[in-house]
Amino acid sequence: MADKDIQKAQNTAVTEKIRNVKTFVPRVDIYETKDAIYLIADMPGVDAGTVDVEVEKNILTIYGRVENGKPADHKLVFSEYEVGDYERAFSLPEEIDQEKIKATVKHGVLRLELPKAEKVKPRKITIHAEK
Amino acid sequence: MSNLSFWRIKRFADSIPEIMDLQREINRLFSSVTQTAADFPAINVWEKDNGLVVTTELPGMDPDKINVTVNGNVLTISGTSEPEPLKEGEVYLRQERESGSFQRNFELPYQVDAQKIEARYERGILQITLPRAEEDLPKKIKINA
């Protein structure tokens, strides 16, 4: 593995939660193909029921809610990582067809398919000469 | 005046869990200075009378590619994760997730029963239950009068 910081980065920009939990920035890979943009986010601890994906105007926001993950009647004796929610927002390019976004979750990884819209017809603007 | 100090004491008691959290975080802050790739993945260790639970975040792994072994009192977690197979002409716009192989050795505070170790992989979190070895349990000494 690379020498990146192994700790999750805290998302300090988000509004505080009612629940006393921290919010982290999920790490993402984004890649582009001819027809779509794919976004893959590491959100360990979430499943299909605890992930939300929202698009408002052209802002895509991903949320993940994580239960504290504490094994029943155990005491934490050594801790290297913290558990908390996830939140991150991206602005989408114009070309994405927002109606056709698909999302799946597997093994704590959210995968979004953001299809590109059919080619937008070029619009010709007629210029009128001033009289 | 005495009333005021009473409230102060009460509020201090209320904040003890937060102080403990703070202490843990400060410890983490200092220990993370020396954290390197060899410390991947980060683990949490939980304890109960008769055993330990180790949890670690390994999102998006193939459960068959995670290996958990115990040798003596050393727990080893290793594995490999494959990067996305990109086709010709597809490009990464961002690449923040990790892929590749890793190995983490962790010394347990006592002998565990190797036969009864259980590992579960759910929602990208690996949870290993390590029951303490029968012969290693603390013995109660009977005191004769």
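In the predicted model, Val68(B) counts as partly exposed because 18 C-beta neighbours lie inside 10 Å, whereas a residue is classed as buried at 20 or more. Val68(B) belongs to strand 3 of chain B, which spans residues 66-71. Leaving aside residues up to four places away in sequence, Val68(B) touches Ile77(B), Ala119(B) and Ile128(B). Between Val68(B) and Glu134(B), which are 66 residues apart in sequence, the C-alpha to C-alpha distance is 21 Å.

Chain B as a whole contains 2 helices and 8 strands. Along the sequence, these elements of chain B follow the pattern α-α-β-β-β-β-β-β-β-β. Of the 145 residues in chain B, 20% are buried. Among contacts in chain B with a separation of 6 or more, 50% involve residues 24 or more positions apart.

Contacts link 34 residues of chain A with 37 residues of chain B. On the side of chain A that touches chain B, two or more residues each are given by strand 3 (27-32), strand 4 (36-42) and strand 7 (75-79) of chain A. Strand 3 of chain A provides the largest share of this side, with 6 residues. By residue class, the side of chain A that touches chain B comprises 16 nonpolar, 8 polar and 10 charged residues.

Strand pairing also extends across the two chains. Strand 7 of chain A and strand 1 of chain B (residues 43-48) run antiparallel and are joined by 4 bridges. In this pairing, Ser79(A) stands opposite Asn44(B), a residue of strand 1 of chain B. Both strands are part of an open sheet of 5 strands with antiparallel pairing, in the order 7(A)-1(B)-2(B)-8(B)-7(B). From one strand to the next, the twist averages 20°.

Strand 7 of chain B is joined to strand 8 of chain B (residues 125-131) by 5 bridges, and the two run antiparallel. Within this pair, Glu122(B) has Ile125(B), in strand 8 of chain B, as its bridge partner.

Notes:
Residues numbered from 1 in each chain as written. Chains lettered and ligands numbered in written order. Predicted model: local features only at pLDDT ≥ 70, side-chain atom pairs only at ≥ 80, totals over all residues. Buried ≥ 20, exposed ≤ 12 C-beta atoms within 10 Å, placed from the backbone. Contact = placed C-beta atoms within 7 Å. Nonpolar A, V, L, I, M, F, W, Y, C, P; charged D, E, K, R; others polar. Pairing = 2+ DSSP bridges. Axes fitted to C-alpha atoms, helices over the stretch in contact; angles between N-to-C directions.
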